[in-house]
Amino acid sequence: MLLTSVVMAGNDDKGDQLMQQADSLYAAQQYKQALESASAALPLCKGTDLEADCLNLLAVINIRLSNYEEAANYAKQCYVLDEKSGDPDVISSSLNTLAAIYMGANQEQEAEKYVLKGIEMAEKANNPNRMAILQAMASEIYHAQGNDQKALTYIEKAYEIDKAQGNEGRAMVRLAQKASALIGLHDYQQAIKVLEEVIPFLQKAGDRQSLGIACNKMGMAQYALNHETEAIEYYRQAADIFQQLDDPYNEIHARKGLYEALWKQDPDEAKTQLDRFTSLKDSIYNNTSADKLAKYNAEFGNDWLQIENHQQRKAKQIAILAAVVAILLALVIWFLMRRRQQQQQRINAELSQRIKELQEKYNVLNEQYDHVVLTSTEDDNKLEATDREFLQRTINTINELIQTGQIDANHVADRLGLSLFQFRQRLMALTDETPQSFIQTVRMRRARHLLEQHPEMNVSEVAMLCAYNDTSNFTRAFKRTFGLSPSQYLDKQKQ
């Protein structure tokens with residue numbers, strides 16, 4: 001190893017473990033459990049390189065649970081962090097998530113804005129996998145807008161990319177999306193042909209979410225051709241899947257399809273399916289669905305639609321009031337953040353001035369700290385000259401920033417002319433340490449060097465020279481690294 005090891009097991013490791021657990025649960029479609037793990041990980045990832053990944057995962061999980069407001073909240077926080085990185089690949093990922101959220105919330109115009117910007121960023125990143133995902137999202141958005149010819153164009157592009165990349169599973173999902181566009185264009189026979197290829201593959205792969213959606217589409221195509229018996233079979237399969245997955249958004253469409261397909265064959269069961277639909281309406285309400293289902297009110301004498309319309313008008317009034325409150329709250333938050341930023345700038349300026357005074361007082365202005373991090377192990381000698389130069393520049397940059405009182409991974413990456421993502425990738429490849437951990441290593445080795453070479457300094461002065469404005473934070477960090485407090489370390493040196 002190039003760097004001496006540092007005992008840094010703590011929040012970062014726990015956050016990383018919880019993130020991996022949440023990822024696994026999400027892949028297994030256990031969305032509620034995934035949400036619990038990711039929510040527990042977020043506070044542990046705050047201020048680290050994992051924060052954006054955790055926010056993005058929380059957004060995606062909440063989409064699956066139809067919690068669109070929560071999803072948008074997390075996704076926008078993630079986008080802010082990703083935009084700061086300047087990396088078009090991660091920015092395109094955040095934009096895709098935002099598009100998915102607004103799509104799920106039936107705000108297709110807003111979703112279109114995000115997805116088109118995402119496609120533009122994916123082109124800059126030259127990432128074909130991301131491009132396929134965004135083009136597939138664009139297809140869904142244009143399908144929802146009723147522009148199925150455009151939807152078909154986008155999904156065929158996505159399918160070709162996934163097929164060329166050897167992503168068979170994704171390619172099959174793209175075919176299922178293609179069926180949606182074909183149904184929108186009233187090409188039901190071709191849609192059925194596509195779905196007959198897709199459904200057996202999804203059953204074998206165990207992708208229940210995509211399977212349920214494909215079955216819903218097959219039910220639609222079969223019903224459009226007056227094949228009620230076949231439609232019932234597929235709608236029932238979809239309804240069972242979505243009920244088990246606790247996915248009311250997709251289940252409500254399956255129940256609607258079952259009602260329509262069963263009406264002629266079994267009116268009693270059709271009424272049961274409508275009752276199930278009615279019970280779902282409270283958790284997810286869709287104006288478009290309400291318009292299409294208005295005829296059910298007349299047939300069964302139910303008054304839920306009128307009640308819902310009244311509730312919707314009331315909800316709009318509440319929304320207007322909430323918007324006014326949100327604007328006022330945003331102004332207050334802006335003022336507080338601005339004030340906090342000004343305070344932090346003042347503290348940084350004072351700390352920088354104090355560091356300069358201490359450097360001059362103890363004649364440490366020109367001391368070099370390179371050797372407190374770099375070692376001369378055999379592994380060092382195996383490094384390429386360019387890698388050693390990169391690490392040297394990184395260490396020098398950290399020491400320069402320490403003197404300003406502003407030291408974090410973003411500032412270091414910016415000084416090196418790299419995005420945070422690029423900086424993290426290169427640094428971890430060479431040292432197995434995250435940027436924040438590496439910065440901490442330099443600061444702690446600097447602290448130890450000062451304690452050894454300048455025993456006349458007190459602990460608060462050493463803390464300031466390492467850009468710690470709070471001595472207690474410095475003491476905890478030093479003890480976590482070396483197993484001794486700074487005072488104990490000084491006493492040991494004197495023995």
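This note covers the nonpolar cores, aromatic pairs and charge-over-ring contacts of a predicted model.

1. Basis. Local features need pLDDT of at least 70 and side-chain atom pairs count only at pLDDT 80 or more, while totals for chains, interfaces and linings use all residues. Residues are numbered from 1 along each chain as its sequence is written, and side-chain values use heavy atoms, with hydrogens and water left out.

2. Cores. A nonpolar core is a set of buried Ala, Val, Leu, Ile, Met, Phe, Trp, Tyr and Cys residues joined through side-chain atoms within 4.5 Å; buried means under 20% relative accessible area, exposed over 50%, partly exposed in between (1.4 Å probe, protein chains only). The largest core has 96 residues, of which Ile 101, Val 198 and Ile 199 touch the most other members. Apart from it lies another core of 19 residues, including Phe 390, Ile 398, Leu 416 and Leu 430.

3. Aromatic pairs. Rings of Phe, Tyr and Trp (its six-membered ring) pair if their centres lie within 6.5 Å; planes under 30 degrees apart count as stacked, over 60 as edge-to-face and the rest as tilted. The count by this rule is 10. Tyr 259 and Trp 263 make a tilted pair, with 5.8 Å between centres and 35° between planes. Tyr 259 is buried at 3% relative accessibility, whereas Trp 263 is partly exposed at 34%.

4. Phe 390 and Phe 423. Their ring centres are 6.4 Å apart and their planes at 65°, so the pair is edge-to-face. Both residues are buried.

5. Tyr 468. Ring pairs link Tyr 468 with Phe 474, Phe 478, Phe 482 and Tyr 489 in a cluster. Arg 443 lies over the face of Tyr 468, 4.0 Å from the ring centre (the rule: NZ of Lys or CZ of Arg within 6 Å of the ring centre and within 35 degrees of the ring normal).
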